[in-house]
Amino acid sequence: MIELYILLIISIGAGIVAVEIKDLLASAISLGIVGFSVAIMFILTQAPDLAIVQIVVEVLTVVIFVGVILKTTHIDTTLEDKLNVRDYLTKGIFALFGIFFLLFSILALKELPQFGMPIMKIASHYLVKGFEEIRAANQVAAVILDFRGYDTLGEATVLFTSVIGVLTILRKIGKIK
Amino acid sequence: MTIIVKTITKILVGLIFLYGIYIITHGHLTPGGGFAGGVIISASFILLILAFGSEEIKEKIGYIYSSIFESIGGLSFLLIALFGLILGSYFFYNFLPKGKVFMLFSSGIIPLCNIAIGIKVSAGLFAIFLAIAATRFIMKE
C-alpha cells in the first residue's frame, strides 16, 4: 500500500509542476510523469490490461504535446497575466465546489467495501442462478445478451456510429473539393 | 499477390468463413459470440480482396451491400429486443423456450442476438475496410 501513496504524492506534485512551470516542454514532460505513475499504480493493483492502455495513451499524448510545442513556442505567456475580480470569483467558486465534493466523497467512501473485497451482491446471483434461468453453457453470453442486454445494445450502437463516421469521412460521392 | 498466396487463400478462405459462422452460432455454448465471429467473417472477405485484388466498380457494389447488411443486422437486433416487449413484459425479454443446457437450440433469444450482431459486425468492418481501400481511387483523381 505504501508504494501507492508514494506514487500518488509523486503524481500530484508532477501535476502541480505541470500547471505552474513556465517552460511548456517541461510541463508536457511532467504531465507524462503523472500518466506513467498512474500506469505503475494500475500494475501494482493487478490491472495489467489497463496499464498497457494507459502507457499507450500516455506516450501518444506526450508525443503530440511535444510535437505541438516544437512547432510553436516554448514559453507559457499566460502565467504573467494580472488577475482581475472575475478570475478570483471563478477560482473561489471552484474552491467552494471542491470543498463540498471532498466532504461528500469522504462520507461516501466510508460506505464502500474494503479495498480488494468486492461485495458481489448482483454478480453472485448471476453466477448461482444464471445457469438454471438462462440455460446457456457460456455464462458470458448469458450476461452480455440477457442480464445486460442494454449494454450490448449500446456497444452495437457505438460500433454502428463509428462505421457511419468512417464512411462519412471517407466517402466519395457528394464531397466538397 | 504471388501464386503461393493465391492458392493458399483459395483453400483457406472457406474454412475461415465457416469458422466464423461456427463461432457465432455456438456463442452461447463455447467462448466467442457475435463480435468475435463477425470479425473472423469480415477477415475472410478482406483476405480475398488482399490476395486477388479488385476493381473500383466491384468495390462500390460490395460497399453498398455491406452498408445494407450492417443496417439489417442492427435493426434485427433491435427487433428481437422489441419482440420481447410485445410478447413478454419488458425490453430484451427472453421470450423463446429455453431448452436443454449444452444443446445448440437452447437459452432462448441468445443465439438469435448473436447472429444479428455477427451480421452487423462483419458487414461494418468490411465496409470500413472498403472505404479505406477506396481512398486510393479518390487520391488518383
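This is a predicted model: local features need pLDDT of at least 70, side-chain atom pairs count only at pLDDT 80 or more; totals for chains, interfaces and linings use all residues.
Let me begin with the interface. On the side of chain A, 26 residues are in contact with 37 residues of chain B. The area buried between the two chains is about 2,800 Å², and carbon and sulfur atoms give 71% of that area. As for charged pairs, the count between chain A and chain B is 0 salt bridges. The rule does find 7 residue pairs in polar contact across this interface, with both partners at pLDDT 80 or more.

Which helices of chain A each supply at least two residues of the side that touches chain B? They are helix H5 (121-134), helix H6 (139-147) and helix H7 (149-169). Of these, H7(A) gives the most, with 11 residues. Sorted by class, the side of chain A that touches chain B comprises 16 nonpolar, 3 polar and 7 charged residues.

One residue of chain B deserves attention in this context. Asn114(B) lies in helix H4 of chain B. Is Asn114(B) buried or exposed? Its relative accessible area is 3%, which is under the 20% limit, and therefore Asn114(B) counts as buried. Setting aside its neighbours within four places in sequence, Asn114(B) is in contact with Leu145(A) from the other chain, and with Ile24(B), Gly27(B), His28(B), Gly33(B) and Gly34(B).

I turn now to salt bridges. Over all chains, the structure holds 1 salt bridge. Where is it? The side chains of Glu70(B) and Lys120(B) form this pair, at 2.8 Å from N to O. Glu70(B) sits in helix H3 (residues 56-87) of chain B and Lys120(B) in helix H4 (residues 110-140) of chain B, so the pair links distant parts of the chain, 50 residues apart.

Next, a helix of chain A. Helix H3 (residues 48-71) of chain A has 24 residues, and at 1.5 Å a residue these should span 34 Å. The end C-alpha atoms are 35 Å apart, which agrees with that expectation. Which residues of H3(A) are buried? Ala51(A), Gln54(A), Glu58(A), Val62(A) and Ile69(A) are. An α-helix has 3.6 residues a turn, so residues three or four places apart point the same way. What covers the buried residues of H3(A) includes helix H2 (24-44) of chain A.

Finally, I should like to consider backbone geometry in chain B. Most residues other than glycine have a negative phi. Phe92(B) has a phi near 65 degrees, a positive value, and Phe102(B) has a positive phi of about 75 degrees. Phe92(B) is placed in the loop between H3 and H4 of chain B, and the place of Phe102(B) is likewise in the loop between H3 and H4.

How do they stand in terms of burial? Phe92(B) counts as buried because its relative accessibility is 3%, whereas Phe102(B), at 60%, counts as exposed.

To close, I return to the two main points. The contact between chain A and chain B has 0 salt bridges, and the 1 salt bridge of the structure joins Glu70(B) to Lys120(B).

Note on methods. Residues are numbered from 1 along each chain as its sequence is written. Chains are lettered from A and ligands numbered from 1 in the order in which they are written. Side-chain values use heavy atoms; hydrogens and water are left out. Contact means heavy atoms within 4.5 Å. Buried area is the accessible area (1.4 Å probe) that two parts lose on being put together, summed over both. A salt bridge is a side-chain nitrogen of Lys or Arg within 4 Å of a carboxyl oxygen of Asp or Glu. A polar contact is a pair of N or O atoms within 3.5 Å; within protein, one must be able to donate a hydrogen and the other to accept it, and residues adjacent in sequence count only if both atoms are side-chain atoms. Helices (H or I, at least four residues) and strands (E, at least two) are DSSP runs, numbered from the N terminus. Ala, Val, Leu, Ile, Met, Phe, Trp, Tyr, Cys and Pro count as nonpolar, Asp, Glu, Lys and Arg as charged, and the others, Gly among them, as polar. Buried means under 20% relative accessible area, exposed over 50%, partly exposed in between (1.4 Å probe, protein chains only). The expected span of a helix is 1.5 Å times one less than its number of residues.
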